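Here's a quick tour of a few helices and a sheet. Have the sequence and the 3D view handy as you read.

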Amino acid sequence: MIIPFKIKFTVTIYLLIIVAVIMPQVSSAQRFSHPTNEGRGNVKQSASAQQNHPAASPATTGRGNVRQSAPAPQSRPAASPTFNRSEAQPPSRSINGGSQNFGNRNVNRSTTVNATPRPVEPKRTNAPVIENPRAKEHRSTTVRENVNVYHSSNIQSHPYSYHPYHPSSWGASWHPIGFIAVTLARDAFIFSLANRQYYYNEGVYYQPISGGYTVVSAPVGAVVGSLPDGYETVQVGDDYFYYYGGTFYIGLDQGYQVVDAPTGAIVMDIPDGATQQNINGEIYLFYNNTYYEPVSFNGQDAYQVVQVN
Amino acid sequence: MNKKLFLIIFICGFTTHIKAQSSTIDTVAVSILDNMSAMIGDLTSCSVTVNANYDVHNQELGLVKRSNESQVFLQGPDKLLIRSEGDKGDRDFYYADNILTYYSPTRNHFAKIETLPTTVGMIDTVSKQYGILFPAADFLYPGFVDDILADAKNLIYLGITKVGGKDCFHIAGTTSDKTFQFWISDDAFSLPAKLVIVYTKKDLNPQYEAVYSDWKINPVFPDALFKFNVPPNAMKIKFVPVSKRK
């Protein structure tokens, strides 16, 4: 079919108009275009002006906990940088005025199903939590005989001193392993370790389950930005550890890293969930793959980490 | 009448074709980038080391890889120091009190321009007017994630991989003129660890790659760090705007 020149010309004009209309007006200031910054860069901003930020949406939360004002141990460098959300300077001192990603996240686009398991988006409701189903579990005592109990060779070993086990708690926000929560706090943040997703909030580690989240043991190697108030500093030889809620940490520049319980460490409190084991005729506690020997420390009931083979 | 009908059908078909182009945006990738952007937005100061490698077109050799290492210091919304060493020689940028100063220790010359009162505003304006690309600057834009979404045809979360021995979330995407990959650290701070860009519309598809390491969060820097003092015998030069370059 022969198309007359007049039609060709008209079509060309229409095409040029359409192209001009659909071409986005963007600023290509850096390696990526920044259309949302258009007009913002030319506005004089007072350094002390309060920035208007929307309330954090679920898509933008996920940061670490607030660092509490606990004294730093002697071994930690005084100049270690820390991230302190509750004591943070006003938003106007942020290096960029604060994140301002307001865009619609429910875009009309198809989403692929990623082979990697997706985390469950935390529900931000006030639904009631479910009590720890293990709380009333009868604790039986395992009997083991002819077992070797090792104390650290370079740490003072305290003599065995039996005292009854009274599970400890670390406040209203802390929950023992096995506890199930329907929702998590807004502050909970997500991280992955060894291809597993975790949520962390106030010294407690969760994994998603059907209908909620369950408290799990802290994954060794995880790094968190801060620990809640009430953590203990535990000296083992020349090393310092931190202990909170049944978990041991070492201090890093960027936060605290979960480590295995160091042999010889002495703690005052063990969380709910420990089982008793009769080893060579003496009662030990077993919690989170760690054996604890009841001892007396400075006149107080305490527990010392030992190895049992 | 037939001609008008033909035109209407043709235009409708064309616009339908534009709308039919689909894109894939992974909400997990968006969530990870949102976390990163929120973290950066809450920083009152920081420093980072940026090791960058980038392709430069050479007429005889094709693409030649160049590199530089930069130490970037930021304090508040209005102070910046960048110290770079690399194939273009040593170059420093000081920004404070609305003035950006460029200094070359190699050549002992400097240039100053008065600019906007915020670091992001300065970066945006200076890069457009003078073509200066600052390391890690894209991540500083408050609307970084929205900017990515505005342009991205695809944005996919690929899983966890390692950069510098540390686990990172790996995200990839495409726009009309490039492909890009982010590696965001899988820890409490969710900061950028690596960036790779491939420019698909340029000859030979040059690449830009940057590794971000040694992040320091909210340190306290003395104000003097960001102030430039003219060294003895230094020569003052002028920035040449992009529009006036031959």
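A helix's expected span is 1.5 Å times one less than its number of residues. Helices (H or I, at least four residues) and strands (E, at least two) are DSSP runs, numbered from the N terminus. This is a predicted model: local features need pLDDT of at least 70, side-chain atom pairs count only at pLDDT 80 or more, and totals for chains, interfaces and linings use all residues. Residues are numbered from 1 along each chain as its sequence is written, while chains are lettered from A and ligands numbered from 1 in the order in which they are written.

**Helix H3 of chain B**

With 12 residues (119–130), H3(B) should span 16 Å, and its end C-alpha atoms agree, being 16 Å apart. Its buried residues (20 or more other C-beta atoms within 10 Å of their own, C-beta atoms being placed from the backbone) include B:Met122, B:Ile123 and B:Val126.

**H2 against H5 in chain B**

The axes (lines fitted to C-alpha atoms over the stretch in contact, with angles from 0 to 180 degrees between N-to-C directions) of H2(B) and H5(B) come within 9 Å and cross at roughly 150°. Contact here means C-beta atoms, placed from the backbone, within 7 Å.

| Helix | Residues | Contact residues |
|---|---|---|
| H2(B) | 27–42 | B:Val30, B:Leu33, B:Asp34, B:Ser37 |
| H5(B) | 144–151 | B:Phe144, B:Val145, B:Ile148 |

**A sheet in chain A**

Five strands make an open antiparallel sheet, ordered E8-E12-E11-E10-E9. Strands pair if DSSP finds at least two bridges between them; E9(A) and E10(A) have five.

Technical notes
Buried ≥ 20, exposed ≤ 12 C-beta atoms within 10 Å, placed from the backbone. Contact = placed C-beta atoms within 7 Å.
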